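Please examine the sequence and the three-dimensional structure shown below before reading the report.

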Amino acid sequence: QPNRYVQYEVTRFGQNDRLLIAYDITRLHQLEQIRKDFVANVSHELRTPLTVLSGYLETFASNEELPPKWARAFKQMEQQATRMSNLVNDLLMLSRLESDNIKQEHKAINMTHLLEQLRLDAQAYDPEKQHAILVNIDSPLRLLGTENDLRSAFLNLITNAIKYTPACGAITIRWSNDEKYGYFSVQDNGIGIEPQHIPRLTERFYRVDAARSSATGGTGLGLAIVKHVLLQHKGILNINSKPNIGSTFTCVFARESLVD
Ligand code: ADP
């Protein structure tokens, strides 16, 4: 039937027999669509009031005549409003990536330029930590994709590496390829991740250590965004990590996404 979603399951019996079960998942699909629309609408509606709040709070917080108690309160309010704005922006980005209607145009991206920009962003992110940030470009190939989305995804991996690595760490950003794939990777020698958490890291709001993560100012949506950007590019995310040794996050792209 048209407009119905069906999921099939095949079970084998002995050598030749098969049982085919068809599930009608149309209702499930509709509910999922309602959830996506709801999140997109709420995020959109929150944007304007948050912009107004942030604007006023920024003005108040920078007023040097305020008594210290008030100054501290305004500073905190401003920080929390910024956090909410980041959350809303991340939710809107996820909604856009999930929606089937909006397909972005793919162009050939010069990875040398992109990695140079990412190096500057990485150096500006938390200079007090004094990380050594290395960039290795081992492939001359360009990547076919949506530059803004890929840059956000790559930057999420880089800022995570900075956040979850204690001061004076080493972070390596690399672009390479072999015959079959292109690889964008970010390696750090930070706190690492216990193996049981790794399969769940790309779920929305999943955090290994909620207390530590919220102190670092993340939204808990970064890796969900990375996963969805990669889905749009037929890529996958590989996570390799050892507690107290470090992590490597690698975006793997198929050869057909690479051009000379
Ligand atoms: P957050 O905003 O909390 O950083 P993410 O979705 O980007 O959210 O990451 C999810 C969780 O994965 C983080 O809370 C953190 O526990 C873990 N994580 C991500 N990157 C790293 C890394 N480079 N080293 C250690 N842990 C990491």
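## Basis of the model

This is a predicted model, in which local features need pLDDT of at least 70 and side-chain atom pairs count only at pLDDT 80 or more, while totals for chains, interfaces and linings use all residues. Residues are numbered from 1 along each chain as its sequence is written, and side-chain values use heavy atoms, with hydrogens and water left out.

## The shell around the ligand

The ligand is surrounded by 21 residues, where a residue is near a molecule if one of its heavy atoms lies within 4 Å of it. Asn-160, Tyr-164, Asp-188, Gly-220 and Leu-223 are the closest. By class, the shell holds 10 nonpolar, 8 polar and 3 charged residues; here Ala, Val, Leu, Ile, Met, Phe, Trp, Tyr, Cys and Pro count as nonpolar, Asp, Glu, Lys and Arg as charged, and the others, Gly among them, as polar.

Helix H4 (147–163), helix H6 (222–232) and strand S9 (246–254) each contribute at least two residues to this shell. H4 provides the largest share, 3 residues. Helices (H or I, at least four residues) and strands (E, at least two) are DSSP runs, numbered from the N terminus.

## Polar contacts and burial

A polar contact is a pair of N or O atoms within 3.5 Å. A polar backbone atom of Thr-219 is 3.0 Å from an oxygen atom of the ligand, and a backbone N or O atom of Leu-223 lies 2.9 Å from a ligand oxygen atom. The protein buries 97% of the 530 Å² that the ligand exposes when taken alone, with accessible areas from the Shrake-Rupley method and a 1.4 Å probe.

## Salt bridges

The model has 10 salt bridges, each a side-chain nitrogen of Lys or Arg within 4 Å of a carboxyl oxygen of Asp or Glu. One of them joins Arg-204 and Glu-98, whose closest N and O atoms are 2.4 Å apart. Arg-204 lies in the loop between strand S7 (181–188) and helix H5 (210–215) and Glu-98 in helix H2 (residues 68–98), so the pair ties together parts that are 106 residues apart in sequence.

Terms used:
Polar contact = N/O pair within 3.5 Å; in protein donor to acceptor, adjacent residues only side chain to side chain.
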